[in-house]
Amino acid sequence: MSLPGWLAEPAQRLDRMLEGARTPHAVLIDGPGGWGEGLLASHFVLRLLGEERTADARSLAHPDLRWVEPEDATVKIEQVRDLTGFMFQTAVRGATKAAVLEQADRMTVNAANALLKTLEEPPPGSYLVLVTSAPQRLPATVRSRCQRVPVHPAGPDAVAAWLRERSLDSPHVAPLLVELGGAPYRVLEALEREEKPIWDVLQAVAAGRKGALDAAAEWRTADLPELCARWLRHVHRMVRTRPDPRPLLDFAARLTALRAAALANSGLARQTQLERVLLDWRDVSAFA
């Protein structure tokens, strides 16, 4: 599987690690999210295991490979214990075992503590890759025991060219790029799910073509923190074009507060809160 241009430098860095005298037992790949961080981890562990890198390690059935993702939004201690047990097993096909922990920042405190024991005394021939878009949420003790490999976003022209190479001509590409922070892999995933941008609904509410109650009902099952994050990116884009951005900035503060509340309280009365903020949006927007 070929890597996009913006992953060339971190991939070369990982290759140099493998070619050096000592490959680190733990690597931390961090980036903004949606820029192929998981693809880079796949590239690395497949080379560690001596496998062809034309496949995606996430879907590869290999006895010496584990790929761990959050369950119900968190990485639990049971998952880490299973991972630790795997790391200490004897390799089946060779002398190397590899594991990838995606969204590592979602480990519970107990899970992170359990992982720390393995990081402090890694078994021979075992390698662990942590992938995260929020390294600051990982305990410092975990970060300090990993070799960091950052992924940096490419410019909009490079992303647009990369998407054109894939013959993506959907009218949803441009608004999705705004909503998803320009992250090309997140846009691809959204298009594969036939997901529409929230911008269409926001325009309809602002123009009076859709009521706040109907829009809130339409979004009743959406991930509220993610919805707010997407919405905020549109607001920040609009702020740059307004002679007086203060109303929009006040609205952005309310939207940010709603996102924080949703992250802290899973029992939030989400539909009521969405109705209120959609009414505020209608008032603050100035669509023709």
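Buried means under 20% relative accessible area, exposed over 50% and partly exposed in between, using a 1.4 Å probe and protein chains only. This is a predicted model, where local features need pLDDT of at least 70, side-chain atom pairs count only at pLDDT 80 or more, and totals for chains, interfaces and linings use all residues. Numbering starts from 1 along each chain as its sequence is written, and side-chain values use heavy atoms, with hydrogens and water left out.

**View 1. Ser-42 sits in helix H2.** H2 covers residues 37-48 (helices are DSSP runs of H or I, at least four residues; strands are runs of E, at least two; both are numbered from the N terminus). Ser-42 counts as buried because its relative accessibility is 2%.

**View 2. Who does Ser-42 touch?** Skipping neighbours within four places in sequence, Ser-42 is in contact (heavy atoms within 4.5 Å) with Ala-55, Asp-56, Ala-57 and Trp-67. A polar atom of the Ser-42 side chain lies 2.9 Å from the backbone nitrogen of Ala-57.

**View 3. Five strands make an open sheet.** The order is S2-S3-S4-S1-S5, with parallel pairing (two strands pair if DSSP finds at least two bridges between them). S2 (65-68) and S5 (147-150) stand at the edges with a single partner strand each, so one side of each has no neighbour in the sheet.

**View 4. Here S2 meets S3.** Four bridges join S2 to S3 (residues 97-101), and the two run parallel. Trp-67 stands opposite Val-100 in S3.

How values were computed
Polar contact = N/O pair within 3.5 Å; in protein donor to acceptor, adjacent residues only side chain to side chain.
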